[in-house]
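Here are my notes for when you open this one up.

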Amino acid sequence: MRRLLILPTLFVVPCLYAQSHLDSLNRTGSIRVQVTSSDGRACDFQASVLLMSISGARIAEESTNADCEVYFGNVAAGSYHVAVSGAGIEESDSGRFDFDSTGHQDVEVNIKHAGRVNQSGPTGPASPLVAAADLNIPESARKEFDKANQFVTKENWQRAIERLNKAITIYPQYAQAYNNLGVAYGHLGDRARNLEALQKAISLNDHFAEAYLNLARLAIVDRDFPQAEVLLNKATAIDPTDAQILSALANMELLNHHYEQALATCRRAHSTARGVHAVVHYVAARIFEQENRPLDAVAELRVFLSEEQSGPRADAARKEMITLQQGSGAIEVSR
């Protein structure tokens, strides 16, 4: 949120005061970001952590170490938020926090492991998302696909890959198998094969919303937010009621400063989408912050907290509400 600050008139008489004031302006500190997993799994993944000002300016970016931590040094006082992304990770955000640069500050971001796999396959000719080739899948290929999904559930990605390759050998037009193969390679950190498999899935079925979503996640990892927005627009055109796709699209529109589109996407997600969509209120709050509308931002955070009452994101939302309410002069502080 950008605010115009008007400095009071100062009579620079005591030199010691003037020097101490300059020192406070020049002082910097450090921020440690701890990335944790929502399922409590050990730190067996690497994530990219982007430190941004509340206005969206990129300050610094680092990859997590073996302890899933990132350290940002020489950070000036200000309002920031942290975005975390990576292969097989849903993009997560710390929410706004204020840093006074007097020393060191810890920030925790909780992530969810992602990668949309197709667990059930097509349901029949009536589905608009089913390609003609998917209606002709041999039973033997489908059985290998189902066995692969059992290994996906256990996060045994290597065995899932073996079964998916068998399914594809039996039926080379198996778009869903290629999508899941890409996700599995992504979890193993093989980005080239991840991308190749997802692109193959799209070439076999250009109405495959899940594959577009997974390709968009790769673009997000690359910080190619404009391309991610393009891919997510394709996905939502195919499946306009998927909350996960709409939430990701709203977030990309926000990062690309397409505020009106982002707000419209948030409204659409909340009114029409199936599935969990609490996060769209968090995105809408960020939009209102950018537009210097703190009370509207607080209102969105209230709705977010009514739908997601606990967890790291809820804790961050409560802190952000307090900051916004105090900054706007509101009397009530939500607890």
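1. The second largest cavity is lined by Asp93, Ser94, Glu108, Val109, Asn110, Pro312, Arg313 and Ala316. Strand β8 (104-111) and helix α12 (312-328) are the elements that each give two or more residues to this lining. (Helices, H or I with at least four residues, and strands, E with at least two, are DSSP runs numbered from the N terminus.)

2. A word on the model: it's predicted, so local features need pLDDT of at least 70 and side-chain atom pairs 80 or more, while totals for chains, interfaces and linings use all residues. Numbering starts from 1 along each chain as its sequence is written, and side-chain values use heavy atoms, with hydrogens and water left out.

3. Now the rings, which pair if their centres lie within 6.5 Å (Phe, Tyr and the six-membered ring of Trp; planes under 30 degrees apart are stacked, over 60 edge-to-face, the rest tilted). The count is 3 aromatic pairs. Phe145 and Tyr174 are stacked, because their centres are 5.2 Å apart and their planes at 25°. Phe145 sits in helix α2 (residues 139-153) and Tyr174 in the loop between α3 (157-170) and α4 (175-187), 29 residues apart.

4. Phe145 is buried at 2% relative accessibility, and Tyr174 is buried at 1%.

5. Tyr282 and Phe304 make an edge-to-face pair, since their planes are at 75°, with centres 5.2 Å apart. This pair links helix α10 (residues 279-290) to helix α11 (residues 294-307). Both Tyr282 and Phe304 are buried.

Methods:
On a 1 Å grid over the protein atoms alone, a cavity is a set of points where a 1.4 Å probe fits but cannot get out, and a pocket is an open set with protein on both sides within 12 Å along at least five of seven lines; lining residues have an atom within 4 Å of a point. Buried means under 20% relative accessible area, exposed over 50%, partly exposed in between (1.4 Å probe, protein chains only).
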